[in-house]
Amino acid sequence: MLPFKRFIMKSAAIFLAAAGFLSACTVVVDEPRPGPGPIRPPGPQMCTMEFAPVCGERGNRMRTFPNACQARADGFRVVHRGECRPASRPPEEQACTREFSPVCGQRGPRRQTFPNSCVARAEGFRVVAPGECRREDDRPQQPQFCTREFAPVCGERNGRSRTFPNACEARADGFRVAHPGECR
């Protein structure tokens, strides 16, 4: 029986050595967990007030957030930049005519002039006014008071010309002064 005991002891020792060796060689696969998505971090989340809209997703729910930090703070995963659209797909290419009917479009704080409303919408802008965008400092302050001085000027807006009694009156009506004197 003694040789059989030695055989068992050797086999057990080999088994334990092999088990120790194999346990050191395990591979851990980090697969994504099924579930609702990112969980809100513990404690309050501090985010800036920056306006750079993103589309966030949690489970089957889609929501537009002012910025990525606020989306993550509410436990949403950022899907793409910009507002959420139906079916959450980025905007598709849109064919627009070459018609020239300028409009002022706005996306967030940014304003830009486009040749027509179709092109503005295709670029993800919302049409806010017909005609070209005007700089804030070009806009008349309300109310606009002008003197009764007579120094005629020619004003232009959207390709239209009009004579005004003075430059103040032209700017108050939203025209830019093209030249001194009456329009020809």
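These entries record what I looked up on the disulfides and on one glutamine of a predicted model.

**Basis.** I number residues from 1 along each chain as its sequence is written. Local features need pLDDT of at least 70, side-chain atom pairs count only at pLDDT 80 or more, totals for chains, interfaces and linings use all residues, and side-chain values use heavy atoms, with hydrogens and water left out.

**Disulfides.** I found six disulfides in the structure (a disulfide is a pair of cysteine sulfur atoms within 2.5 Å). With the bonded cysteines of the protein chain numbered in sequence order, I noted the pairing 1-3, 2-4, 5-7, 6-8, 9-11, 10-12.

**Cys-104 and Cys-133.** I noted their sulfur atoms 2.0 Å apart and a right-handed link, with 105° about the S-S bond. Cys-104 lies in strand 4 and Cys-133 in the loop between strand 6 (126-130) and strand 7 (153-157), so the pair ties together parts 29 residues apart in sequence. Strands (E, at least two residues) and helices (H or I, at least four) are DSSP runs, numbered from the N terminus. I recorded Cys-104 as buried at 1% relative accessibility and Cys-133 as partly exposed at 21%. Buried means under 20% relative accessible area, exposed over 50%, and partly exposed in between (1.4 Å probe, protein chains only).

**Gln-106.** I then turned to Gln-106, which is placed in strand 4 (residues 103-107). Gln-106 counts as buried because its relative accessibility is 19%. Its side chain reaches the backbone oxygen of Gly-108 at 2.9 Å. Leaving out residues up to four places away in sequence, I found that Gln-106 touches Arg-111, Phe-125, Arg-126 and Val-128 (contact means heavy atoms within 4.5 Å).

Definitions and conventions. A polar contact is a pair of N or O atoms within 3.5 Å; within protein, one must be able to donate a hydrogen and the other to accept it, and residues adjacent in sequence count only if both atoms are side-chain atoms.
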